Amino acid sequence: MWEKEIDIHQVREIRTRTTVFLGVGAIKKIDDICADLKARGLDKLLVITGKNAYKKTGAWGHVQEAFTKHGIQYVHYDKVTPNPNTHHVDEATKLAREFDAKAVLAIGGGSAIDAGKSVAVLLRYPGKTAQDVYEFAFTPKEAAPIVVINLTHGTGSEANQFAVVSIEEKNYKPAIALPCIYPLYAIDDPALMTGLSKEQTRYVSIDAVNHVIEAATTKTTSPYAVHLAIGVMWMVYKYLPIALKEPKNLEARYFLTYAALIAGLSFDNGMLHYTHALEHPLSGVNPNLTHGLGLAMLLPAVVKNIYKAKPATLAELLKPMVPGLKGKPEEADLAAHGVERWLFSVGATHKLADEGFTADDVDKLVCLAFETPSLGGLLSIAPTQATKDVVWSIYKESLHPYSK
């Protein structure tokens, strides 16, 4: 296969609206990035991270060395958690404003990156809060420059215009899509990801799979989004089992990282629909729920619903996981069962009931899917009509495995 001829140790630039440095050893590019930031007068940064990963991965040592070399001053916010909320963003913004930060460096997975993007917006809008941003009280047109060191192969947030932050008091988990929050630079170094646990490895890659199944089947999709999606599906199918068995396998991490990156570009162009619109209420209600697990629990029922609208596209996308599909609408059940079997084969065996959700919760989840700011927009571009009855059925069918 062609990927065997790719030198994973050669750091390459992937040029989108963000310049992404991809490859084993890409973390060393932080030196060049800091030199450029200094030349632009961006020598005071907010660094935003979770508690530990920025150190455990080895990224922080390279960052500190580059900061010292180029005279970069910084203040550090390290309280970002999975499914970050508006309070995290407001705390980090207060710290950044007091320091007079000129730019933001986010080190972590999607949570740290999305929180960093949100702070970058608020640095340009004194007096505004994260809740203002995520309840769409205004439309931001500017953000401070953002640099990302990505530590997971899942979200694609390092090179797209999306960010997600929860409004904890309302169980809302809205998404924003703003051209001003494309990062200036991003680093995708697979060597920083070899310490991901099996659970993290599994669910971040399942996030990428959901990104492309949705992006390739929205009403707003494009050939570009579909073409990227096809590549993502076979890469995840091939390399996720290897990474689960051999966490230090750099080739597997490299291609999962690349797959996640281009999955982010795919949904940056094609957008998303059911699975993300319905997962956000799940982790809005339960912030401890892993995003990728929420998506995995919903995906088979979503595939069953949308297959009749996009049979040829889905047959092509699902070919690695569900071989033999002919692209006929009557294959919807076959496709859904096949997707669930593949998810189970990589360890994603939980359904909603396993995570404490019951039939009594479904009505509330449906309401949140339609009431949460931004999610109605995703539902409006689903390939089938996203009525409340349809959403209710997807949640209900996701409570237990199809085999039951």
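The second largest pocket has a volume of about 160 Å³, where a volume is the space filled by probe spheres set on grid points that are joined across faces, edges and corners. A pocket here, on a 1 Å grid over the protein atoms alone, is an open set of points where a 1.4 Å probe fits, with protein on both sides within 12 Å along at least five of seven lines, and lining residues have an atom within 4 Å of a point. What you are looking at is a predicted model, in which local features need pLDDT of at least 70 and side-chain atom pairs count only at pLDDT 80 or more, while totals for chains, interfaces and linings use all residues. Residues are numbered from 1 along each chain as its sequence is written, and side-chain values use heavy atoms, with hydrogens and water left out.

Which residues line this second largest pocket? They are W2, I6, D7, Q10, R12, I14, L22, Y254, F255 and Y258. Strand 1 (12-15) and helix 9 are the elements that give two or more residues to this lining, and helix 9 gives the most, with 3 residues. By class, the lining has 7 nonpolar, 1 polar and 2 charged residues, where Ala, Val, Leu, Ile, Met, Phe, Trp, Tyr, Cys and Pro count as nonpolar, Asp, Glu, Lys and Arg as charged, and the others, Gly among them, as polar.

Let me stay with helix 9. The axes of helix 8 (residues 223-245) and helix 9 (residues 250-270) come within 8 Å and cross at roughly 155°, which makes helix 8 roughly antiparallel to helix 9. Axes are lines fitted to C-alpha atoms, for helices over the stretch in contact, with angles from 0 to 180 degrees between N-to-C directions; angles under 35 degrees count as roughly parallel, over 145 as roughly antiparallel, 65 to 115 as roughly perpendicular and the rest as oblique. The contact of helix 8 with helix 9 has 19 nonpolar, 3 polar and 2 charged residues.

Further along, the axes of helix 11 (residues 291-306) and helix 13 (residues 332-345) come within 7 Å and cross at roughly 165°, so helix 11 is roughly antiparallel to helix 13. Helix 14 (residues 362-371) and helix 16 (residues 388-397) pack at about 130°, with their axes 9 Å apart, and helix 14 is therefore oblique to helix 16.

As for the whole, the protein has 16 helices and 9 strands, which are DSSP runs (H or I, at least four residues, for helices; E, at least two, for strands) numbered from the N terminus.
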